[in-house]
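Hi,

Here is the structure I said I would pass on. Have a look at it first, then read my notes on its aromatic rings below.

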Amino acid sequence: MGSYFIGDFEALTSLSDKITVDKFREECELRIQSAKSNYLNKLGNKLIDPNTSQKSYWKIINRVMNKCKAPKIPPLLVNNKYIINCKEKAEIFASYFSNQCKVILSDSILPNFTYLTNARLDNITFTDEDILLLIRNLQPGKANGPDEISARMLLICDDSIVFPLKLIFQNILLTGVFPDLWKRANVTPIHKKGDKQITKNYRPISLLPICSKLFEKIVFKHLYNFLNVNALLTKNQSGFRPADSTINQLISLVNDIHKSFDSRKSLEVRSVFLDISKAFDKVWHEGLLFKLEQNGISGSLLHLFRNYLYNRKQRVVLNGSISQFLDIESGVPQGSVLGPILFLIYINDLENNIISNVKFFADDTMIYSTVYDPVNSATELNHDLNIINKWAHQWKMAFNPDPSKQAVEVLFSQKKKKVYHPPLYFNDTIVIRADSHKHLGLILDSKLSFINHVNEKIKATTKAIGILRYFRK
């Protein structure tokens, strides 16, 4: 009788639980359907809104059409053998990308140390509100790194996660030790150009832990403000600078050239376009730390940067297959918040001792000279090209070693009668002259007419240049 009563009670309890679970399931399904409906309605409203940007419009279209974002990589051709297996492909890409992150071997050593400023930055302070604001500004769909902590998870936690993160951040600054887990990156190969079966035609997109990026944003804010207040970054650098852009640099360049055209003698402008090979991957860590200290970074913060750069690893994730983690021996961390500003610090002194005009946009370098006398102009440019060569050797970088990306000269001129200009030399090779060159997305020809427009940003540039021309008349 007793056993029957217990069994009957368990059955009733089980039945009661089932009714409760079914009720919750039904409520959950209704809420999911409602959320989906609201989501699709929002997308529809954005599609019919004339103020929606072109980029956002096509992003919505691709999302609704459920276009697969996974990279579609055909069999890779390696040593005359086709690699089909995704795991093998991932390992091949991991090995290739890791080999790119090795210091260029040269006999250069660090020069004599001198401070560039009397100011010092050795510590960073932040508040709970700083962290909370960073969390609330996260995009829910942002991809996470190897730690698998998503932006959506942090958004759900909201202010409850602020105190734990604050303790971690404070401990990092106090000890100067950056967590090893935050130094690991998931890498996706993205096709650049050329044959899709050749490994070197792909570039890596790195995904780092989101919590590490939150910490880096705090450090970036203080570091950039320090460099800016003390005027330590060159004004000729437009890359990764707030309130600066490709548009600003192109307008400035075109304005300088048109000033030469509009002079009484209709002067020519001789220019050379250079490219650093694998620039972000080749940064010499000892050289970067040397320059950080030169710029006034000291104490525990300098020690933190040293720890931040070393013992970094990355793996390739490809269609569900994962490679092993491999070491990153050089370069600034790809996909990081601090990587771009660290790179700017590294190449900031490239303009030292250059006579002619120079413009930088990250690793894209351009020097140009207004030609009052062809011989003097050629002498100045050859001097500057030699200075750049010496800088590259000193800091273990390489300009234009790729035959497909050689240094290019463009002579901007409106003269009907051609003038002889002595040759220019770079890397012990004559610089090839071209009638046009693509710079920052815009193709410029020798008469400064614009051949094509690549995107909306370039259209905005050409519109601004058109306005500039109008007011110059």
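Before we get going, one definition: a charge sits over a ring if NZ of Lys or CZ of Arg is within 6 Å of the ring centre and within 35 degrees of the ring normal. Lys-291 does this with Trp-395, lying over the ring's face at 4.0 Å from the centre. Arg-120 lies over the face of Tyr-115, and here the distance to the ring centre is 3.7 Å. Keep in mind that this is a predicted model.

Now for rings meeting rings. A pair of aromatic rings is described by the distance of the centres and the angle of the planes. The structure has 21 aromatic pairs. Take Phe-113 and Tyr-115: their ring centres are 4.8 Å apart and their planes are at 85 degrees, so this pair is edge-to-face. Phe-113 is partly exposed, at 34% relative accessible area, and Tyr-115 is partly exposed too, at 41%.

Another edge-to-face pair is Phe-240 with Phe-280, with 5.9 Å between the centres and 90 degrees between the planes. This one links distant parts of the chain, as the two residues are 40 apart. Phe-240 is in the loop between helix H7 and helix H8, while Phe-280 is in the loop between strand S5 and helix H9. Is Phe-280 buried or exposed? It counts as buried, at 18% relative accessibility, whereas Phe-240 is partly exposed at 39%.

One last thing to look for: ring pairs join several residues into a cluster, among them Phe-113, Tyr-115, Trp-284, Trp-395 and Phe-426.

Cheers

Definitions and conventions:
Residues are numbered from 1 along each chain as its sequence is written. This is a predicted model: local features need pLDDT of at least 70, side-chain atom pairs count only at pLDDT 80 or more; totals for chains, interfaces and linings use all residues. Side-chain values use heavy atoms; hydrogens and water are left out. Rings of Phe, Tyr and Trp (its six-membered ring) pair if their centres lie within 6.5 Å; planes under 30 degrees apart count as stacked, over 60 as edge-to-face and the rest as tilted. Buried means under 20% relative accessible area, exposed over 50%, partly exposed in between (1.4 Å probe, protein chains only). Helices (H or I, at least four residues) and strands (E, at least two) are DSSP runs, numbered from the N terminus.
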